[in-house]
Amino acid sequence: YRFQRNKGYVFSNNNDDDNRAFDAISEQTDNQELWTDITDQLTKIDLSKHVASKEKTFLDLVMKVDSEECYTNMLYWILNYKDCINKFIEKFGKNVNCENEKFTVNREYSISGSNNINGGRIDVCAESKSRKFSVIIENKVFSALNGVSFDENNMLKTTQLSVYYEWAKKDDKKPICFITCPNFRINEIETEIEPLMKGKYVLIGYKEIAEF
């Protein structure tokens, strides 16, 4: 059963497919050797001490607080301003020196498929005019990673992150990859990243972006 969204659930009813899935999960649950404890990797939030902000923004007024597209569009316009994309990379990138590079920033950028990649649409991306660097920014508010595939052992193989990374490194360009999201989702998204992409993407919380 694939937990690709915020919630995953299986019913035990008269549907054969549902019954098979329910029985399979029950069987795996009973076999504790097949489970991995990741409790120590998660940061628990004490909701009793959490105080929600009472300040309203324009997104509240137009009821777009949960709209991923709105945050993507704002990020795009901010990074399009003068050399802001360079400062963003300098702040959050891993020892990348592109101070003198000129970038073209795009949003909702479609990449075509090939023998190695399935194609997709990148939230925000940028390419240096020198063709030395490619920047990938995948923005997540509440959605999970897309393009999930598994190998023959039902282990996570690829997601959209692999697709974008392969596109970014074409023509010997250096990929600079980020995932932006609300701070409370960072730990959750980290657990969704496929093994080959661990360490390839830098996760940045909205709090750090706001301070930036």
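Trainee: Why is Tyr 76 called buried?

Mentor: In this predicted model, Tyr 76 has a relative accessible area of 15%, and buried means under 20% relative accessible area, exposed over 50% and partly exposed in between, with a 1.4 Å probe and protein chains only, so Tyr 76 is buried. Residues are numbered from 1 along each chain as its sequence is written, and side-chain values use heavy atoms, with hydrogens and water left out. Because the model is predicted, local features need pLDDT of at least 70 and side-chain atom pairs count only at pLDDT 80 or more, whereas totals for chains, interfaces and linings use all residues.

Trainee: What makes Trp 77 count as exposed or buried?

Mentor: The relative accessibility of Trp 77 is 61%, so Trp 77 counts as exposed.

Trainee: How many aromatic pairs does a search of the whole structure find, and why is the pair of Tyr 76 and Trp 77 called edge-to-face?

Mentor: The search of the whole structure finds eight aromatic pairs. The ring centres of Tyr 76 and Trp 77 lie 5.2 Å apart with the planes at 65°; rings of Phe, Tyr and Trp (its six-membered ring) pair if their centres lie within 6.5 Å, and planes under 30 degrees apart count as stacked, over 60 as edge-to-face and the rest as tilted, so this pair is edge-to-face.

Trainee: Why is the pair of Tyr 109 and Trp 167 called tilted?

Mentor: Their ring centres are 5.6 Å apart and their planes stand at 50°, so the pair is tilted. This pair links distant parts of the chain, with Tyr 109 in strand β1 (residues 103–111) and Trp 167 in helix α5 (residues 160–168), 58 residues apart; helices (H or I, at least four residues) and strands (E, at least two) are DSSP runs, numbered from the N terminus.

Trainee: What are the accessibilities of Tyr 109 and Trp 167?

Mentor: Tyr 109 has a relative accessible area of 28%, so Tyr 109 is partly exposed, whereas Trp 167, at 8% relative accessibility, counts as buried.

Trainee: How do you know that β6 and strand β7 pair?

Mentor: Two strands pair if DSSP finds at least two bridges between them, and β6 and strand β7 (residues 201–205) pair in the parallel sense over five bridges. Strand β3 (residues 133–139) and β6 also pair in the parallel sense, over seven bridges. Strand β6 (residues 174–181) is mostly covered, as seven of its eight residues are buried.
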